Amino acid sequence: MPILATRDLKYTYPDGTAALDGAEIEIEEGKKIAFVGQNGLGKSTLFLLLNGTLKPGRGEVLFYGMPFKYDSKSLRNIRRRVGIVFQNSDDQIFAPTVYQDVAFGPANLGFPEDTVLERVNHTLEYVGLTHLKDKPPHHLSGGEKKRVAIAGVIAMEPEVIILDEPFSNLDPVGADEITDMLDELNHFGKTIIISTHDVDLAYGWSDYVYLLAGGMVIGRGAPDQIFGDPELLKGAGLRQPTTLEIYHEIERRGLADRNKAPRNVPELVDALKPPDLMWVRVPPGIEEGDTLNLGMMHGDYALHSPYEAVNAKVMHIHDRGWAIAEMERRGVRAGCIRIYDMAGYEPEELRKIVRDADIEVVGAMGRKSKNIAERDGMRLDIAAGVIDKAILMALCGKRCLILTNGGMVEHAMKRISDYAEKSGIEINVSMVGEGG
Amino acid sequence: MRNLLDDYALVSRLRYRNVWLKLTIVAFGLLVGVSSTSPATPLFIALSMGFATVFFGKTPLKFYLALLLVPTGFAITGSLVILFFFGSGSEVFSFEVFGYRLTANAGGLDMAILVISRTLGGMSCMFFLALSTPVIELFAVLKRSGIPDSVIELSMLMYRYIFVFLEVAMSIKHAQTVRLGYTNLKRSLYSVAMLASTLFIRSYEQGEKLYLAMNSRCYDGKLTLFETKRPIRSAEAVLASIYAIAALSLL
């Protein structure tokens, strides 16, 4: 059963323009959903309808199949379970200090003071803001304010978190941090709904996409399905995601495998099929179609890893012993990914691992791991989009270490093995340290 | 761009000390300073408070002196008037300006010095409070002192949105300036009027958005304010008592 659904939803602004006209949506529990459409086309209105702030003119909103009731007790229940983060953090953060703002929700739920205290401290640690708890909001950066706004909502422990344009006005690193945080929340079972007009982000991040235009849902489905349909996108006034556009262009030129829909850079790289041809000198007696062992190559001649065993399949023999051959490369010292669970963090042990396993690239995933790494002055090569970048690095023969903790460990292992399964490329991945 | 006392208070080392102790010290300083008849006591208070603010609170000395310059300037001009037009007793010095004879006598001089020292004493107490106690720490004090909750809640919201609107006002002003909104008096008046009316509409809208946001987090008509407990340390109590005894003995 969908956790949230609407039936024939219609909402008209007081001035008579229709914000929504017959919108039908169904939100599955535990998914990451993106509502994509141009600005000012009813996304915010829809969100306010989903937590009962606005009452629909026609149709109904259902929570676990039960239609919303609009008495104050039912509304309170809905609002506790469906949290909403507004686009402009200043609209939402009203208390004079970070701590008091995060405490607002739990206090309204009527918890005793020490429960509130515990929840607030836990939430602040989770979003990495403990050091800012006594600051007034006007001393925070945009990204920090956004994290406070999110903390204020997750402190109430809702099942669904709705975020209206969470990435607007954020710098790229700030946006990546929020994405990571949303992934983390989703991994622990929260249903996340965002609205955005950033097609790249919606395409790469979400499990399911609703395309909105003119107050109606004009398309819904898996991201590759929605963003693979240029006509549909044009109808919504949007363009194709960059990854997909690049893929289509290289596919049209025969440089990539057909019928794929790469969602991120590793998948795009994986779709590439460069004809790796080279002039080689062949000994006499070799015929077209034979395979030559060219031995080991390294340096500039090894394209994918530091050392490669290269075989050449002779395609065409030219005069004077020269031939065109297709290279078959196999990395000898392949890269690897090691995952370290920060739950059992020992500075000495970690240093030993980095040294012994010859780690070249270190990345941290999840706020807690980043905090520990920052505190202990560890140099982090990757701080955002960690899994994707680690895969890319490993494919290039680098040895990567991902620092993470709790359920994120499992999440990382799964993402990497999913990639290996989908691409057919084996990536050497394992846990290290006491925890592993 | 902004140079608010509150910003200095937020980073003061004395911020997390017990608010009530700070308030007591300040009230004591004000009362003793004003009731003192000799200039020595207020000057002692001014020195102690200044030392506490700069040395314990780590407020930059330069900023502190610049801040103190303002009331000192006022006090000096004020006491010049007192010096020449008040008091009685033996003449200290006199001179002639445009045919008027200005005479300073002993009583006037004493009074002028007392006024200056009291001003310094009082102001340094107020600066001690302002530079060590940000507004956000005072809400809990207001609550304890029995002020109605709705007044405190309103002032909390007002405090928060002062800064939001300050930012809005600054950006509107910049937008007007780059389009030559302040080139002459007439344009300036017109621009300020526009700024004020826009700000009014914005704050009205902000109020509605705020209500939505609060409702979404189950607002039920009251804000809960948690007071953090900061017990007075024994060293602080001892230091404060020594200061009080010293000030009283100078009376």
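Guide: This is a predicted model. The part to look at is helix H4 of chain A, residues 98-108. Start with burial. A residue counts as buried when 20 or more other C-beta atoms lie within 10 Å of its own. By that test, 11 of the 11 residues of H4(A) are buried, so the helix is largely enclosed by the rest of the structure. The buried residues include A:Val98, A:Tyr99, A:Val102 and A:Phe104. A:Gln100, A:Asp101 and A:Asn108 are buried as well, and A:Gly105 and A:Pro106 are also among them.

What do they pack against? Two helices of chain A: H5 (113-126) and H6 (142-154). After H4(A) comes A:Gly110, with a positive phi near 80°.

Now turn to the partner chain. The contact between the chains takes 27 residues from chain A and 22 residues from chain B. On the chain A side, the elements giving two or more residues are helix H2 (72-81), helix H3 (89-92) and H4. H4(A) supplies the largest share of that side, 5 residues. By class, the chain A side has 12 nonpolar, 9 polar and 6 charged residues.

The loop between H6 and strand E7 (160-164) of chain A holds A:Glu157. Its phi is positive, near 50°, and A:Glu157 is not a glycine. A:Glu157 has 15 C-beta neighbours inside 10 Å, so it counts as partly exposed. A:Asp8, in strand E1 (residues 4-12) of chain A, also has a positive phi, about 50°, without being a glycine. A:Asp8 has 13 C-beta neighbours inside 10 Å and therefore counts as partly exposed.

Step back to the domains. Chain A is assigned domain 1 (4-240), domain 2 (277-331) and domain 3 (336-432). The centres of domain 1 and domain 3 of chain A, taken over C-alpha atoms, are 30 Å apart. Across that boundary, 11 residues of domain 1 are in contact with 10 residues of domain 3. On the domain 1 side, helix H7 (residues 172-187) of chain A gives the largest share, 7 residues. That side has 5 nonpolar, 2 polar and 4 charged residues.

Chain B is assigned domain 1 (5-133 + 231-249) and domain 2 (140-216). Their centres, over C-alpha atoms, are separated by 34 Å.

Terms used. Residues are numbered from 1 along each chain as its sequence is written. Chains are lettered from A and ligands numbered from 1 in the order in which they are written. This is a predicted model: local features need pLDDT of at least 70, side-chain atom pairs count only at pLDDT 80 or more; totals for chains, interfaces and linings use all residues. A residue is buried if 20 or more other C-beta atoms lie within 10 Å of its own, exposed if 12 or fewer, and partly exposed in between; C-beta atoms are placed from the backbone. Helices (H or I, at least four residues) and strands (E, at least two) are DSSP runs, numbered from the N terminus. Two residues are in contact if their C-beta atoms, placed from the backbone, lie within 7 Å. Domain bounds come from an automatic or database domain assignment. Ala, Val, Leu, Ile, Met, Phe, Trp, Tyr, Cys and Pro count as nonpolar, Asp, Glu, Lys and Arg as charged, and the others, Gly among them, as polar.
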